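Dear colleague,

I am passing on the structure we spoke about, and I would be glad if you could look through it with the notes below at hand.

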Amino acid sequence: MDLIPAPRHVTPHPAAEPFVLTAGATLDAGPGTGGTARWLRGVLGAAFGTELAPGADGAAVRLRIDAELGAEAYRLEVTAQAVTLTGGDAAGVFWGAQTLRQLCGPAAFRRAALGGPAPSIAAVLVEDRPRFRWRGFMLDVARHFLPKDVVLRYVDLMAAHKLNVLHLHLTDDQGWRVEIKRYPRLTQTGAWRERTKVGLRESPLWDERPHGGFYTGDDIREIVAYAAARHITVVPEIDIPGHSQAAIAAYPELGNADVVDTAALGVLTSWGVNVNVLAPTEGVLRFYEDVLTEVLDLFPSKVIHLGGDECPKEQWMKSDAAQDRIRELGLRDEEALQSWFIGHFGRWLADRGRQLAGWDEILQGGSLVPGALVASWRGYGGGIKAAEAGHDVVMCPEQQVYLDHRQHAGPDEPVPIGFVRTLEDVHRFEPVPPRLAGTPAQERVIGAQANIWTEVLDSVRAVDYAVFPRLSAFAEVVWSDLPAPERRDHEDFTARMSTHYQRLDALGVEYRPPGGPHPWQRRPGVAGRPIAGPPPIV
């Protein structure tokens with residue numbers, strides 16, 4: 001049946017007659033299943049030209065909720081007479097509907113009927129539930145802006161893979177992407193850069209066209225609502241105190257003006273870790289409290305990500321104002337100053353019923369605010385430390401699940417970055433490191449996340465190539481009950497992918513072909529930064 005991600009239990013009934021989704025098939029939606037009913041009518045109705053009218057007569061698809069199954073779990077039974085989909089909650093019903101769509105064949109992923117016979121669904125019983133409750137995908141829209149329709153498309157692609165957290169990286173040195181009405185210059189100035197480095201920092205190439213864009217408040221509300229209807233939570237990231245030059249370009253008083261002429265800073269046009277960081281002043285705290293007040297109004301997510309990564313301390317070391325702040329607060333050094341900065345907003349968010357999340361650098365410089373969530377990107381080490389200290393952890397180690405890193409060592413890979421991470425490598429990724437396995441701290445690993453950074457991904461086609469098919473493998477890792485990495489049946493996964501590629505084709509995804517990139521997917525003349533050998537497990 002070639003299902004991806006693989007369900008926990010599949011019991012086929014090869015001798016039984018299949019269910020035929022005729023034009024007269026009905027949809028019997030029980031209490032709490034209306035959202036999935038609307039979605040099914042939209043996708044299957046369009047793909048096969050059937051209305052799936054309300055009712056239980058004839059060939060019927062029945063949707064029900066039974067809380068005893070548990071959160072996000074589902075049971076899907078197909079007989080010749082009916083399809084009965086029961087979820088432990090509304091989300092479970094929806095994830096079961098994703099499996100039902102796959103059982104209908106690749107044509108179910110098209111937007112219009114191609115004609116031909118009505119689809120038949122083999123008689124089967126599927127019993128399934130996810131391994132992790134955080135099954136995330138981070139989309140960097142700050143480095144290269146992706147229009148709203150692209151974000152919505154990726155929400156649908158996530159839903160098709162049973163992923164449930166979209167982490168939007170909304171601000172960085174190279175762009176500010178969310179409208180803040182109190183501070184209009186954040187998008188009037190901060191959303192646009194004059195030109196863009198092509199390739200990484202070492203590259204001599206430039207795209208001289210201005211680049212930018214941002215989401216209005218209504219755009220964000222639409223994205224959040226669209227995702228929520230698909231049981232996906234949108235987690236915003238507003239990066240502080242580093243990665244903030246776009247904000248400083250818009251409001252120079254946010255920077256360390258006693259060290260650098262902040263009024264002369266523009267939105268950064270190149271890449272890499274940047275020395276221009278926020279000043280640790282009361283004015284900056286009030287500014288970002290105002291920003292976050294609007295962010296909380298736009299994003300109902302309990303989790304709010306504040307970055308906290310890659311914050312050079314050179315300007316704070318030279319700044320009299322920053323040094324005065326260190327002495328005033330009785331801190332030992334600049335690392336402790338960053339911890340204080342992040343801690344202030346962790347407490348501010350907690351007072352409003354929200355949870356601080358940050359990259360693993362938020363562990364540095366002192367005690368982390370209680371209840372904070374750590375996204376462990378510099379390997380597993382930060383996640384292990386955080387889990388053992390009682391913090392929730394999302395594992396997203398760069399060396400394993402940064403999908404902008406290259407997929408093959410061949411010369412045709414576009415802008416090759418980092419270690420080679422093949423489809424098989426991602427399928428063998430294990431979010432729980434051996435040190436935590438079997439310990440109470442293991443429960444603190446609430447999931448994992450694949451991240452896509454867009455410094456060198458300047459089009460939707462480039463993003464598709466980097467993300468797929470590896471996101472399909474990642475989805476199986478975080479959903480399915482897989483054995484240890486060395487015992488995973490990658491040949492079976494590869495065989496199931498042969499059908500899944502047809503689904504991706506129907507969805508219009510320009511994935512990396514198994515045999516290597518198409519000519520138009522290459523980037524000749526744009527050097528990258530490849531690293532030889534296998535990645536460390538750290």
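This is a predicted model: local features need pLDDT of at least 70, side-chain atom pairs count only at pLDDT 80 or more; totals for chains, interfaces and linings use all residues.

Residues are numbered from 1 along each chain as its sequence is written, and side-chain values use heavy atoms, with hydrogens and water left out.

The unreviewed UniProt entry places the feature "domain: Glycoside hydrolase family 20 catalytic" at residues 132–481; UniProt positions are in the numbering used here, with feature names shortened, and annotations may be inferred rather than shown by experiment. The span is 34% helix and 17% strand, and its end C-alpha atoms lie 10 Å apart. Helices (H or I, at least four residues) and strands (E, at least two) are DSSP runs numbered from the N terminus.

With a relative accessible area of 28%, Glu310 is partly exposed, where buried means under 20%, exposed over 50% and partly exposed in between (1.4 Å probe, protein chains only). Leaving aside residues up to four places away in sequence, Glu310 touches Gly242, His243, Val273, Glu361 and Trp377, a contact being heavy atoms within 4.5 Å.

The loop between β10 (134–140) and α3 (148–160) holds Val141, which counts as buried because its relative accessible area is 0%. Among the residues that Val141 touches, not counting those up to four places away in sequence, are Leu168, Leu170 and Tyr215. Val141 and Asp172 are 31 residues apart in sequence, yet their C-alpha atoms are 9.3 Å apart in space.

Strand β5 (residues 60–65) pairs in the parallel sense with β3 (residues 26–29) over four bridges, and Asp28 stands opposite Arg62 in β5. Strand β5 also runs parallel to β7 (residues 82–87), to which six bridges join it, with Ala60 opposite Ala82 in β7. Two strands are said to pair if DSSP finds at least two bridges between them.
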